[in-house]
Amino acid sequence: MRIQALDRLIQNLYEDKVCGNLTDDRFVKMSQYYEQEQQELKERAYYLRQELSKAKEQSDNVMRFMRSVRKYTEITELTPELVREFVQKVVVYQAEKINGRRTQRIDLYFNGVGQILLPVKDKRETA
């Protein structure tokens with residue numbers, strides 16, 4: 001790994017400096033460069049670990065949701081138990097009149113996966 005290689009390079013620089021094989025100016029420039037590279041790599045590694053953790057958590061949530069879905073393959077009735085199992089929250093918006101018809105938007109957020117946007121067909125198109 002490059003971070004450990006940089007540790008060794010910095011150690012060798014110090015040893016070369018102590019032995020007189022390296023000028024003070026050259027030692028400072030090289031050690032600053034290696035230190036900066038090492039810090040950037042550490043920050044990048046931290047960021048990537050955070051992203052990996054988020055992706056794993058999201059994957060775990062989807063798997064839990066899919067296990068719940070498999071339990072209920074043929075739902076014939078919406079029961080409070082089913083709602084608690086699947087629905088995290090429901091957001092209901094104020095009703096509006098559009099083209100003389102009362103409409104109301106509702107957003108469903110499912111446990112573990114959030115909101116799933118499905119295409120909506122206008123009832124007038126199917127009639």
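A charge sits over a ring if NZ of Lys or CZ of Arg is within 6 Å of the ring centre and within 35 degrees of the ring normal. Keep that in mind for Lys 89: its charged end sits over the ring of Tyr 109, 4.7 Å from the centre. Arg 105 lies over the face of Tyr 93, 4.1 Å from the ring centre.

A word on the source. This is a predicted model, where local features need pLDDT of at least 70, side-chain atom pairs count only at pLDDT 80 or more, and totals for chains, interfaces and linings use all residues. Residues are numbered from 1 along each chain as its sequence is written, and side-chain values use heavy atoms, with hydrogens and water left out.

Now the aromatics. The structure holds 3 aromatic pairs. Rings of Phe, Tyr and Trp (its six-membered ring) pair if their centres lie within 6.5 Å; planes under 30 degrees apart count as stacked, over 60 as edge-to-face, the rest as tilted.

Take Phe 65 and Phe 86. Their centres are 5.8 Å apart and their planes at 80°, so this pair is edge-to-face. Phe 65 is in helix H2 (residues 24–71) and Phe 86 in helix H3 (residues 80–86), 21 residues apart. Helices here are DSSP runs (H or I, at least four residues), strands likewise (E, at least two), numbered from the N terminus.

Which pair does Phe 65 form with Phe 110? Edge-to-face, with 6.0 Å centre to centre and 65° between the planes. Phe 110 lies in strand E4 (residues 106–110), so the pair ties together parts 45 residues apart in sequence.

Buried or exposed? Phe 110 is buried, at 19% relative accessible area. Phe 65 is buried too, at 13%. The cut-offs: buried is under 20%, exposed over 50%, partly exposed in between (1.4 Å probe, protein chains only).

To close: Phe 65, Phe 86 and Phe 110 form one aromatic cluster.
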